[in-house]
Amino acid sequence: MCGIVGYIGEKEKKKIILKGLKELEYRGYDSAGMAILKGNDITHFKAVGKLKNLEEKTKNFTSEGFGLAIGHTRWATHGKPNEINAHPHLGEYSYVIHNGIIENHQELKNELQEKGFSFLSQTDSEVIVHLFEMFIKEGFGAFEAFEKTVKKLQGAYAILLISKVDKEKIFFAKNLVPLIVGKSSENEIFFSSSDAPLIGYAQDVVYLHDKTYGYAQKGEINIYENSVLQKPKFKKLSISKLSAQKEGFRFFMEKEIYEQSAVASETLMGRVQKNRVILDDIDDSFFNEINEIKICACGTSYHAALASSYLFERVSKIKCSVEIASEFRYKEPLLKNDTLFIVISQSGETADTLQALKMAKKAGLKTLAVCNVDNSSIVRISDEILLTRAGIEKGVASTKAFTTQFIVLWMLALKLGELKGNLGQNIVESEIETLLKVPAVLKVDEKIHEKIRRLSKRYLHGHGFFFIGRDLFFPLALEGALKLKEISYLHAEGYPAGEMKHGPIALADSELFTVALMPKTMLYDKVKSNVEELSARDATILALSPLEFDIADDFIKTKGYDHPMLEFFEMSVIVQLLALEISVRLGNDVDMPRNLAKSVTVE
Ligand code: M6R
């Protein structure tokens, strides 16, 4: 996810921008840049890769004395991660940085090109600076030109713009992605995408609302909504960096669970239109002659793979097999050229997954990576990539990575179904409608979280947990069990509900805890019978369902969405919270559980 910082004041601007960007590194990025306006000059720098490359480029540059500065870390969405696509984007005399996606950029670009504006980059962001200069050319003052620019934009944005036409001001706008503006006791102004870069600099901050815009100049912040000047609502900034990064949550895992709704929007951004899925820069021809899919991954990513296999077969009507990467490596697999080989990885560095990918490439298969970290080894090697855009995941127990992986795979299943002619237009449209509901479904329901917090005290002992479900909810059961064992150190297994009677039911007694995933849209009656079999043998049942279920010892009532995918995402958040709260009660280190590493780069 891109990061934004800005500064108005007397101090060395380069240092403030670099320090600020460093604090935003956790969001993930593949290039960075800054622009500094001082007197009559704007100087800008861009560099691909880590911030040290930008540092190196700016090492002989100093910028003391009054001026304006904007800085940006870019996580590529439109266009490759190269210097031209890095921000700031330049017009003739103005510079802009942007986080988000301008959905109508193509239409605006055509309009601007017809008027003689030329574009350097492949990004959607560049339209902003040219629009601004177009309005200046038409005779508007700087603020009016900026206001008119913002009104033409559709989509998500946090924008900072500086221009030689008004050397005192930074113009800003915000919609759907975060932007904070703050001021110090010395009348300096700061901008940032999150709290952390502001700590130690700004004392009072305003968390900008959606659809607000305005300008800041020395000691002054003017915020507008619908052309009406607003009274800024200042808040005192917290002074702890760690808690700023955790944004008030107890653990990174908890923050990441709560963040899923927002990151899901990032995952979807620019990838869906009313009636079709657009998979970044992947040309449709890449999928020509593909008759089969094989997916390889480890851990949670394997569970996302397994869940998606139901979609590839049911929705796209393409044969799909899934393998644990460490098993695949040594089984001397038979690979055919008409198979699309997909690897899924949050880190992009998992040794087993990387090796599996190399084997597939060697065998001449087309390869596609679903990954969260751009420029990772897996991304560099794959023929094509779909980034999950979850932002940096710090908790060892993966949560938002899983969610975004499954969203990307759902989009891919729809795309393939459409390309293969196996999905009617009306189905694609209604699936897309459902897809767009996912961010809302992922919003944590505080009442349910509170209930889980209370229930968790009953599940701290026993001789084991079974998470059970059918169909899509079987991989979710596996994931729920993995979450629990990783951070609670209690024994937990995920099982297909219908398989319990073939052995595991022998374990049933009151000390066997069964977490039953009972969606109403997916084989409800079948799962119900399986749970009744367990209950008859005295197993303790915690049921998750929108339908009342009398024999459950504990019951979490879900909302009862009409689509299995929505029920899936809702229950996914619940099993994550359950693991979290049990671990908290047991006093474990939620974010860094014993014996585990975030990225497993060994066999
Ligand atoms: O980075 P990857 O997605 O390739 O990592 C795979 C597994 O190591 C990872 O999902 C692991 O199982 C997590 N700790 C699960 O929470």
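Glu147 counts as buried because its relative accessibility is 14% (buried means under 20% relative accessible area, exposed over 50%, partly exposed in between, with a 1.4 Å probe and protein chains only). Its side chain meets that of Lys151 in a salt bridge, 3.9 Å from N to O (a side-chain nitrogen of Lys or Arg within 4 Å of a carboxyl oxygen of Asp or Glu). Both residues sit in helix H5 (residues 142-152), four residues apart, about one turn of the helix. Helices (H or I, at least four residues) and strands (E, at least two) are DSSP runs, numbered from the N terminus.

## About the model

This is a predicted model, where local features need pLDDT of at least 70, side-chain atom pairs count only at pLDDT 80 or more, and totals for chains, interfaces and linings use all residues. Residues are numbered from 1 along each chain as its sequence is written, and side-chain values use heavy atoms, leaving out hydrogens and water.

Glu581 is buried at 2% relative accessibility, while Arg453 is partly exposed at 27%. Both belong to a salt-bridge network that also links Arg250, Glu254 and Glu450.

Glu323 and Lys331 form another salt bridge, at 3.0 Å from N to O. Here Glu323 is buried at 10% and Lys331 is partly exposed at 45%.
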